[in-house]
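Biologist: I would like to learn how to read a few local features. Please take me through them one at a time.

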Amino acid sequence: MSDSNICEQCGGSKTIWFKVEAITKADLEKRIELAENKSTTPFKICHGHPEPTIKHDGNLGDGARVCQDNDFRGPIVVIRGKYNNDIGPEDAVSLPYKQFLSLLAWGEQNRATMEQLAKEQEE
Ligand SMILES: [Zn+2]
């Protein structure tokens, strides 16, 4: 996490400081004059960003689900659904964790293209 006072998400200041001190009425009037905002750029404050509350439940849509399981290779990630491959219909795709993480990295790398294609499929 960055030590910067500027929020990386919205560019607002994370913390603002106030100096509180006792002053006379005359000093107060002078300060009000000085405090008028002459800046053309508004001061932006970060109000914080909540953690996303919706966690993926493994439902991939169209009856497909992803979950963790074990097979003869050890722990795996299983995607259950109806898939057709060269041999015939399959009801699951399973990947060892290393391959799953590799798939995840590939997905992140191609996210923009995937989002575009998914949008086109919905239309
Ligand atoms: Zn922010």
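Modeller: Start with exposure. A residue is buried if 20 or more other C-beta atoms lie within 10 Å of its own, exposed if 12 or fewer, and partly exposed in between, with C-beta atoms placed from the backbone. His47 has 10 C-beta neighbours inside 10 Å, so His47 counts as exposed. This is a predicted model: local features need pLDDT of at least 70, side-chain atom pairs count only at pLDDT 80 or more, and totals for chains, interfaces and linings use all residues. Residues are numbered from 1 along each chain as its sequence is written.

Biologist: Where is the place of His47?

Modeller: Helices (H or I, at least four residues) and strands (E, at least two) are DSSP runs, numbered from the N terminus. His47 sits in the loop between helix H1 (25–35) and S1.

Biologist: What about Asp62: is it buried or exposed?

Modeller: Asp62 counts as exposed because it has 7 C-beta neighbours inside 10 Å. Asp62 belongs to the loop between strand S1 (59–61) and strand S2 (64–71). Asp62 is not a glycine, yet its phi is positive, about 55°.

Biologist: How many residues of H2 are buried?

Modeller: Zero of the 13, so H2 lies largely in the open.

Biologist: What span should H2 have?

Modeller: The expected span is 1.5 Å times one less than the number of residues. For H2 (residues 97–109) that gives 18 Å, and its end C-alpha atoms are 18 Å apart, which agrees.
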